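Here are my notes for anyone opening this one for the first time. Keep the viewer beside you and take the points in order.

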Amino acid sequence: MAENQKKTHVEHPIPPLYNSESEILILGSFPSVKSRESMFFYGHPQNRFWKVLASLTEEPVPTTVEEKKALALKHHIALWDVLASCDIVGSSDSSIENALPNDISRILRESKVKRIFTNGKTAYNYYNRYLLKETKVEAQLLPSTSPANAAWNLEKLLSVWSIIL
């Protein structure tokens with residue numbers, strides 16, 4: 001972390017996306033700056049999440065928040081993040097400190113979620129640290145769709161992410 005970059009305490013501003021028909025839950029770590037600006041998950045234009053989801057479900061890639069919500073819910077996918085707040089520099093997962101977890105029990109109670117996936121190692125590690133004891137549901141680690149995960153091209157992501165269906 002550069003000396004001139006200051007950590008900011010940020011509260012998670014985006015409500016969880018789910019309904020009573022949701023069967024799988026995909027958890028990120030904490031929303032990026034772009035996601036916080038757009039007030040929806042995976043808002044950075046270079047994040048491959050929506051391309052991956054559209055390809056796996058054989059749907060057009062959604063562009064608006066409403067289209068993204070509709071795509072996820074149509075395929076019984078719930079979305080949220082592991083962390084409710086943290087100190088962070090920009091969108092850098094590696095800079096996270098003083099993390100507090102979200103309470104996902106309401107999603108599990110009010111939906112049919114039986115399988116939980118994490119989008120990347122940071123979400124996976126925080127899930128195991130903070131939420132596994134409560135949920136008693138093992139999360140499956142998926143490679144991050146973030147542009148920072150340049151080692152994984154779209155084709156490789158799709159081959160692993162296909163497990164969600």
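**Notes on the model**

1. Let's start with a single residue. Lys69 has a relative accessible area of 28%, so it counts as partly exposed. Bear in mind throughout that this is a predicted model.

2. What does Lys69 do with its side chain? It meets the side chain of Glu66 in a salt bridge, at 3.9 Å from N to O. Both residues belong to helix α3 (residues 65-74), where they sit three residues apart, or about one turn of the helix. Glu66 is exposed, because its relative accessibility of 55% is over the 50% cut-off.

3. How many salt bridges does the structure hold? There are six. As a bit of background, side chains of opposite charge can pair when their charged atoms come close.

4. Arg106 and Glu110 form a salt bridge whose closest N and O atoms are 3.6 Å apart. They are four residues apart in helix α4, again about one turn of the helix. Arg106 is partly exposed at 42% relative accessible area, and Glu110 is partly exposed at 39%.

5. The pair to look up next is Glu21 with Lys112, whose side chains meet in a salt bridge at 2.9 Å, N to O. This one links distant parts of the chain: Glu21 is in the loop between β1 and β2, Lys112 is in the loop between α4 and β6, and 91 residues separate them. Glu21 has a relative accessible area of 34%, so it is partly exposed. Lys112 is partly exposed too, with a relative accessibility of 39%.

6. Now for the strands. Four of them make an open sheet with parallel pairing, and the order across it is β3-β2-β6-β7. At the edges you'll find β3 (77-81) and β7 (139-142), each of which pairs on one side only. Ignoring direction, neighbouring strands here are turned by 25° against each other on average.

7. A handy landmark is Ile116, whose bridge partner in β7 is Ala139.

8. There is another open sheet, made of three strands in the order β1-β4-β5, and its pairing is antiparallel. Here the edge strands are β1 and β5, each pairing on one side only. From one strand to the next, the twist averages 10°.

9. Several of its residues are buried, namely Ala123, Tyr126, Tyr127, Leu131 and Thr135. What covers them includes β2 (24-28), β4 (83-88), β5 (97-101), α4 (105-110), β6 and β7. That list has strands from both of the sheets described above, β2, β6 and β7 from the parallel one and β4 and β5 from the antiparallel one.

10. A straight helix of 15 residues would span 21 Å at 1.5 Å a residue, but α5 (residues 121-135) spans only 18 Å between its end C-alpha atoms. Where is the kink in α5 centred? It is centred on Asn128 and amounts to about 50°. Just after the helix, Lys136 takes a positive phi of about 55°.

Notes: Residues are numbered from 1 along each chain as its sequence is written. This is a predicted model: local features need pLDDT of at least 70, side-chain atom pairs count only at pLDDT 80 or more; totals for chains, interfaces and linings use all residues. Side-chain values use heavy atoms; hydrogens and water are left out. Two strands pair if DSSP finds at least two bridges between them. Helices (H or I, at least four residues) and strands (E, at least two) are DSSP runs, numbered from the N terminus. Axes are lines fitted to C-alpha atoms, for helices over the stretch in contact, and angles run from 0 to 180 degrees between N-to-C directions. The expected span of a helix is 1.5 Å times one less than its number of residues. The bend at a residue is the angle between axes fitted to the seven residues ending there and the seven starting there. Buried means under 20% relative accessible area, exposed over 50%, partly exposed in between (1.4 Å probe, protein chains only). Contact means heavy atoms within 4.5 Å. A salt bridge is a side-chain nitrogen of Lys or Arg within 4 Å of a carboxyl oxygen of Asp or Glu.
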